[in-house]
Amino acid sequence: MKAFVIDRYKGPLSLREVPDPVPQPGDVLVAIHAAGVNPLDTKIRDGEFKLILPYRLPLVLGNDLAGTVIGVGNGVRRFKIGDEVYARPAKDRIGTFAERIAVNEKDLALKPAGLSMEEAAAIPLVALTAWQALVERAQVKPGQKILIHAGSGGVGSIAIQLAKHLGATVATTTSTANIDLVKGLGADIVIDYRNEEFDQRLSGYDVVLNSLGSDVLEKSLSVLKPGGRLISISGPPDPAFAREIGANWFFRQIMRLLSLKVRRKARRLGVDYSFLFMRADGEQLAEISRLIDAGAIRPVIDRTFSFDQTPEAMAYVDSGRAKGKVVINIA
């Protein structure tokens, strides 16, 4: 099959023939129709996670897929040939910039009936990230106040909709050009970061979801009320994450030191800091499908590229100009 591969970190994407995946017991073989492109793909390509996610090179990139089941391994009960599915594969089994992939059935869900393959491919990674931050970890309740940074981005555009569904009052940061977009997604308060400092306007918030740099991270602590939660998907990793991935003692110490400053400041302010690296979860994705079918969440797609334009698609995501998601049409 054809796939886009890197041979070394920070190396170019190369389109080549690679062996077809062979489904193991519990696996589902999927013909990929479309794949989402995420900043995570760039981070993996550039080796930013090589200490905690030691991939074997050469590596097929890609963390989102929508497609059709074309085979099942022994023991698979939830899916059959012909099912339309979508997924974020497990972090050690990525590779959706390809014509086919084998995914464990626990990481798959049926594609929402009302979405095209391209629309469905824009959902898994960002929606699971929003779900695990707001539903699983923060346990957002009606009436709470939530700040979601970068509201026009992939995670932000879904997180705004999910937070509104949960009954929260939502503030978000964005650029001037994207104000109407985030308002249309449901944001109650919009901070144009080019003209206004969010920490000068907001206070008493229950949850902040951060996807930006360290300067925004530290300012975010000050808008939380005592007992509030700052959840960051852009780091720094914390000791809880080190335990979660089974890191050895040396790397646990590194992660403890990386997050020491922000954790100390959080404790002084009486708030909680945690790092979130989302995980694959087909059951959660099925819950998200129900919200999509009910009209509570919709994908936001900036541009769709053809399969042979995958390097251009990644370059566009790298530019930081994308609104919502960028998708590759593979089939």
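Visitor: Is Arg93 buried, exposed or partly exposed?
Guide: In this predicted model, Arg93 is partly exposed, with a relative accessible area of 30%.

Visitor: And which side chain does Arg93 meet in a salt bridge?
Guide: That would be Asp27, at 2.8 Å from N to O. Arg93 sits in the loop between strand S6 (84-87) and strand S7 (100-104), while Asp27 belongs to strand S3 (residues 27-37), so the pair ties together parts that are 66 residues apart in sequence.

Visitor: Does Asp27 count as buried or exposed?
Guide: Asp27 counts as buried, at 1% relative accessibility.

Visitor: How many salt bridges does a search of the whole structure find?
Guide: The search finds 20. Among them is the one between Asp83 and Lys80, at 3.0 Å from N to O. Asp83 counts as buried at 12% relative accessibility, whereas Lys80 counts as exposed at 54%. There is also a network of salt bridges linking Arg45, Asp46 and Asp318.

Visitor: Switching to sheets: what is the order of the three strands in the open sheet?
Guide: The order is S2-S1-S4, with antiparallel pairing. Strands S2 (14-17) and S4 (59-60) stand at the edges with a single partner strand each, so one side of each is left without a neighbour in the sheet.

Visitor: What's the bridge partner of Val5 in S4?
Guide: Val60. Two bridges join strand S1 (residues 2-6) to S4.

Visitor: Now helices. At what angle do the axes of H3 and H11 cross?
Guide: Roughly 95°, and the axes come within 10 Å. That makes H3 roughly perpendicular to H11. The contact residues include Trp131 in H3 and Ile288 in H11, and they divide into seven nonpolar, two polar and two charged.

Note on methods. Residues numbered from 1 in each chain as written. Predicted model: local features only at pLDDT ≥ 70, side-chain atom pairs only at ≥ 80, totals over all residues. Heavy atoms only, no water. Axes fitted to C-alpha atoms, helices over the stretch in contact; angles between N-to-C directions. Helix = DSSP H or I, 4+ residues; strand = E, 2+ residues; numbered from the N terminus. Parallel < 35°, antiparallel > 145°, perpendicular 65-115°, else oblique. Contact = heavy atoms within 4.5 Å. Nonpolar A, V, L, I, M, F, W, Y, C, P; charged D, E, K, R; others polar. Pairing = 2+ DSSP bridges. Salt bridge = Lys/Arg side-chain N within 4 Å of Asp/Glu carboxyl O. Buried < 20%, exposed > 50% of the residue type's maximum accessible area, 1.4 Å probe, protein only.
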